[in-house]
Amino acid sequence: MLDESSLRERLIDVGVDLVLTEGSGSVGLREIARRAGVSHGAPRRYFPTHHALLSAIARRGFKDLAARFEAAVAGATTPRGQLEALARAYVGYALERRGMFELMWRHDLLDSAAQASDQPRLRESTLPLFGHLTGLVARCRSERDAARRADGPNEAGPPPAVTAAALWSNLHGIAQLWAWGSLQLALGALPLDGDPGDNQRDRLIAAVLDAHLGPATS
C-alpha cells in the first residue's frame, strides 16, 4: 500500500500522463482517482481544488524544463550561447510535450499559493526561470556595450526584463505557431519531422535573438 507521500506523487504522475495524452481539459479529480485506483475522495486530501491539482502537475513540468535547461547550457561558454541553447530547449520542449507546455503558462487556471506546508508555491517554480533569462539578457547587453564602447556612446535600450519578456514572447510564438503548422505554411517549410524542419526552427530562433540582442559577434 502506498504511503501518503507516495500516493500524492502517484496522483500527480497520473495527472501528467493525462495532460500529455489528452490535454489539461481532461484532468479532473475523479478521473485521476479512477486511473490511480483509489476512491473518488482520495485526491482531495492533497488537492482541495481543481486549480491546486493542475498547479501540482504544472510544477512537475517546470521541474522537467529546468532540468532540460541545465543540460542544454552545460556546453555553452558565453551568455549568448546559453541563451541560444535555452531557446532551442524551450521550443523543443513545447513541441515534444505539448499538453504540459500549454498548461504550464495558463496562470488563469493555476494557483500560485502553497497547497500544503511542505510544498512550494508555483511562483517559486516559474519566476526563477524568467529571472535566469533576464540575467543572461543583461550579460549579453553588457558584453555588447563593452565591445562598442570604443566606437562611441551606446544606445539606450529597454530594461533587461522587458527585452527578456519580448524574447520569451517571440520564442513562445514560434513554439505555438509551429505546433499548429502555421509557420510551415507561411514559410513554405517541409513537414515537421526531419532535419529540414529542425534547421528552419533554428534559423527562426537565431533571427529572434538577433532582433532583440543584435547580431552575434564572433
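I started with the contact range: among contacts in the chain between residues at least 6 apart in sequence, 67% join residues at least 24 apart. Contact here means heavy atoms within 4.5 Å.

Ground rules before going on. I am working from a predicted model, where local features need pLDDT of at least 70, side-chain atom pairs count only at pLDDT 80 or more, and totals for chains, interfaces and linings use all residues. Residues are numbered from 1 along each chain as its sequence is written, and side-chain values use heavy atoms, with hydrogens and water left out.

**Overall make-up**

I counted 9 helices and 0 strands in the chain. The elements are DSSP runs numbered from the N terminus (helices are H or I, at least four residues; strands are E, at least two). Of the 218 residues, 39% count as buried. For burial I used relative accessible area: buried is under 20%, exposed over 50%, partly exposed in between, with a 1.4 Å probe and protein chains only. The chain exposes about 11700 Å², and carbon and sulfur atoms supply 54% of that. Those areas come from the Shrake-Rupley method with a 1.4 Å probe; for residues, only the protein chains shown count as cover.

**Helix α2**

Which residues of α2 are buried? I found Leu 29, Ile 32, Ala 33 and Ala 36. Seen down the axis of α2, they fall within an arc of 100°, so they line one face of the helix. The arc is taken over the directions from the helix axis to the C-beta atoms. The general rule I keep in mind is that an α-helix has 3.6 residues a turn, so residues three or four places apart point the same way. On the other side of α2, Arg 30 and Arg 34 are exposed. Gly 37 follows α2 and has a positive phi, near 75°.

**Helix α3**

I checked the span of α3 (residues 50–72) next. Its 23 residues reach 33 Å from first C-alpha to last, close to the 33 Å expected at 1.5 Å a residue. The expected span is 1.5 Å times one less than the number of residues. Its buried residues include Arg 59, Gly 61, Phe 62 and Phe 69.

**Core**

Which residues have the most contacts inside the largest nonpolar core? They are Phe 47, Ile 57 and Leu 83, in a core of 55 residues. Elements giving two or more residues to this core include α1 (4–22), α6 (123–148) and α9 (195–213). By nonpolar core I mean a set of buried Ala, Val, Leu, Ile, Met, Phe, Trp, Tyr and Cys residues joined through side-chain atoms within 4.5 Å.

Leaving aside neighbours within four places in sequence, I see Leu 83 in contact with Leu 133, Leu 136, Val 137, Cys 140, Leu 167, Leu 209 and Leu 213. Gln 82 sits in helix α4 (residues 79–96) and counts as buried at 13% relative accessibility. Not counting residues up to four places away, Gln 82 touches Val 73, Ala 76, Leu 136 and Arg 139.

**Aromatics**

I get 7 aromatic pairs. One of them is Phe 101 with Trp 105, edge-to-face at 6.4 Å centre to centre and 75° between the planes. Rings of Phe, Tyr and Trp (its six-membered ring) pair if their centres lie within 6.5 Å; planes under 30 degrees apart are stacked, over 60 edge-to-face, the rest tilted. Phe 101 is buried, at 3% relative accessible area. Phe 62, Tyr 90, Phe 101, Trp 105, Phe 130 and Trp 168 form one aromatic cluster.
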